[in-house]
Amino acid sequence: MTDTSRGAGSTSNGGRSRRVTMSDVARKAGVSAAAVSYALSGAPGVSDESRQRILAIAEEMGFRPSRIARELRSGTTKAIGLLLADIANPFYTEVAGGVVAAAAEEGYEVFVSHVGVDGSRQSDVAFAQVDRNCSGLIFTSLVAADKPLLDKLRHENIPVVQLYRQIEDEPSDWVGIDDYSASFEMASHVVATGRRKVAILGGPDTSSVSVNRMNGYRDALAKAGLRAVNEPDVWGELTRPAGALRARALFAEHPEIEAVVCGNDMIALGVLDVSREIGKRVPEDLALTGFDDMSFSSAGPLQLSTVTVPRDLMGQRAARMLLQRLAGDKGPARKELLPYGIQVRETTARRV
């Protein structure tokens, strides 16, 4: 019987070092690899005297059993998968930090994968993580078209948590914030500063988060008797370059704009870039808001009005939800709303 489990020690191999294997320990102890496996795992099959001798030899050689191999033999794994829409976006970096921290508390590792802004690799990445023995998955960029994917994972008994974005009527756990109320409050604040000609630069209309934010912005404007000046051209990507591209077209077509409310802070940065290029002053000529309250939003002279999202906490809660399912929780799907905050800063200063 040959076991390819490798430890942390090394043996000489033609002048090169290699990691110590279970077979190396067996040869030195003069026993079978099976006997070494029994001794290391505490299973019956070897005498107490032999067990102690094998353990002493293994320690002397610096052998440490591979956790992955051990888990595969036992049929259990301590790894979960995290699928991120845009690994370059600092929003997802902070979410991932929360997931990793909470998982580590329970001895789990997290395999992080990038599925792309458009989510085109979602299914392939998900099943690749399952094939790599991830026991459960956390998704950050689900859209309605991913429903069949979740159905397949459920059929294979792979628990799933929806983080931030969610698919309606999907019977899996979800954690996020009330994006509708947050965006309604932010747009209401902008109107209260005296701006009447307001544009909306939202995210993709396939995202439940972007749709909720858009509805909040629109309803707040409607309550004030207003409508976004750029309707219906309000959807787009959640990136700085996309924000800049859209802002150039927006300012060219609607030079009278007094405010822009954005789907996230990255879009707002793109708008700010173009505003500076064309000499449009913020907040004197243009009020500007973001969403997410990334670290750069309050750095130096920027001071962007935005919505605070508890990204690290959201990641932690998602991981704990998933670990509870892996521990055997069979209860109904849970929906957890976390608190948000409205940050009023200099980019929406009231006109004087």
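The model is predicted, so local features need pLDDT of at least 70 and side-chain atom pairs count only at pLDDT 80 or more, while totals for chains, interfaces and linings use all residues. Residues are numbered from 1 along each chain as its sequence is written, and side-chain values use heavy atoms, with hydrogens and water left out.

Next, colour helix α7, residues 147-155, in which Leu150 lies; helices are DSSP runs of H or I with at least four residues, numbered from the N terminus. Leu150 is buried, with a relative accessible area of 2%, where buried means under 20% with a 1.4 Å probe and protein chains only.

Then move to Asn89, Tyr92, Arg165, Leu238 and Asn264, which, among the 20 residues lining the largest cavity, lie nearest its centre. A cavity is a set of points on a 1 Å grid over the protein atoms alone where a 1.4 Å probe fits but cannot get out, and lining residues have an atom within 4 Å of a point. The space in the largest cavity is about 260 Å³.

Finally, select α5 (90-105) and α9 (208-223), each of which supplies at least two residues of this lining, with the largest share, three residues, coming from α9.

Note on methods: 1 Å grid on protein atoms, 1.4 Å probe; cavity = no way out; pocket = protein on both sides within 12 Å on 5 of 7 lines; lining within 4 Å. Points joined across faces, edges and corners; volume = space filled by probe spheres on them. Buried < 20%, exposed > 50% of the residue type's maximum accessible area, 1.4 Å probe, protein only.
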